[in-house]
Amino acid sequence: MTKHLTLAVILLLCTLQGAKAQLRVVTELSPPNQMLENNQVTGTSTEVVKQILKYAQLDAQFLMYPWARAYQQAQKHPNILIYSMVRTAEREKLFHWIGPVALFKLGFVTTKERPDIKITHLSHAIPYRLALQRGDISEDILKARGFDYILTADIVKSYQLLIAKKVDIILDDARYLTPLANSFGLADDSFRFVYEVPELTLNGYLAASLATPHEVVEELRKGHEKVKKSAAYKNVMAH
């Protein structure tokens, strides 16, 4: 019995050790949750993911891509983690779900130079020029409700179109307007949150590709349970 138990422990350690050498974490540019500073992936949700990996005693390489490419990587390759991804019925069986690492309360954003834009119902936004990120869950939701839009690679590109007056509105969380404005060297009040879309209050998850070893997934889930108790995690998940 002891011999078999010892062998099981060795096998588990070998599995986890092997994962350490090849585990990759992919994400998109989405300040302040996921940012790129000095060629390093940072941000509030990134720090949560790093803490989960620390508790799980796993090492990983962080990589930033446009969302559509990050999603494709996580679907096609083993030992890939992805965040911050909304959990939907269509995606449920495509990934191993670790746990929430972000909270989004998304709505329409414009510039302070556009006081004429007034939205009190979702349908009121349909006539405006809108930019969305390619592959984002909001694309499916708004397309089903009759919206037309321009697709961009990431949220920064959407803001650039807004600043350049090539679109009237974009989607973002009200909490992030000041950090985004500052990142462009603009005043804190440069952007204006117009209308919160009820269907777009969503958790962003950390998930793993299906070919990721079961033992690794379980260690990550245990790590998430520990991180959930921290003040930093509660702050990220608060609105």
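Me: In which strand does Ser84 lie?
Reply: This is a predicted model, in which local features need pLDDT of at least 70 and side-chain atom pairs count only at pLDDT 80 or more, while totals for chains, interfaces and linings use all residues. Residues are numbered from 1 along each chain as its sequence is written, and side-chain values use heavy atoms, with hydrogens and water left out. Strands (DSSP runs of E, at least two residues) and helices (runs of H or I, at least four) are numbered from the N terminus. On that count, Ser84 belongs to strand β5.

Me: What is omega for the peptide bond that joins Tyr83 and Ser84?
Reply: Ser84, in strand β5, is joined to Tyr83 by a cis peptide bond. The omega of this bond is about -10°.

Me: What is the phi of Asn38?
Reply: Asn38 is found in the loop between β2 and β3 (40-42). Although Asn38 is not a glycine, its phi is positive, at about 55°.

Me: What is the volume of the largest cavity?
Reply: On a 1 Å grid over the protein atoms alone, a cavity is a set of points where a 1.4 Å probe fits but cannot get out, and its volume is the space filled by probe spheres set on points joined across faces, edges and corners. Searching the whole structure finds one cavity of 30 Å³ or more. The volume of the largest cavity is about 260 Å³.

Me: How many residues line the largest cavity?
Reply: Lining residues have an atom within 4 Å of a point, and Glu28, Ser30, Phe104, Leu106 and Asp136 are the ones nearest the centre of the largest cavity. The elements that give two or more residues to this lining are β5 (80-86), β6 (95-111), α4 and β9 (169-173). In total, the residues lining the largest cavity number 21.

Me: Are helices α2 and α7 parallel or oblique to each other?
Reply: Two packed helices are described by the angle between their axes and the distance between the axes. Here the axes of α2 (residues 44-56) and α7 (residues 214-227) come within 8 Å and cross at roughly 120°, where axes are lines fitted to C-alpha atoms over the stretch in contact and angles run from 0 to 180 degrees between N-to-C directions. Angles under 35 degrees count as roughly parallel, over 145 as roughly antiparallel, 65 to 115 as roughly perpendicular and the rest as oblique. The two helices, α2 and α7, are therefore oblique.

Methods. 1 Å grid on protein atoms, 1.4 Å probe; cavity = no way out; pocket = protein on both sides within 12 Å on 5 of 7 lines; lining within 4 Å.
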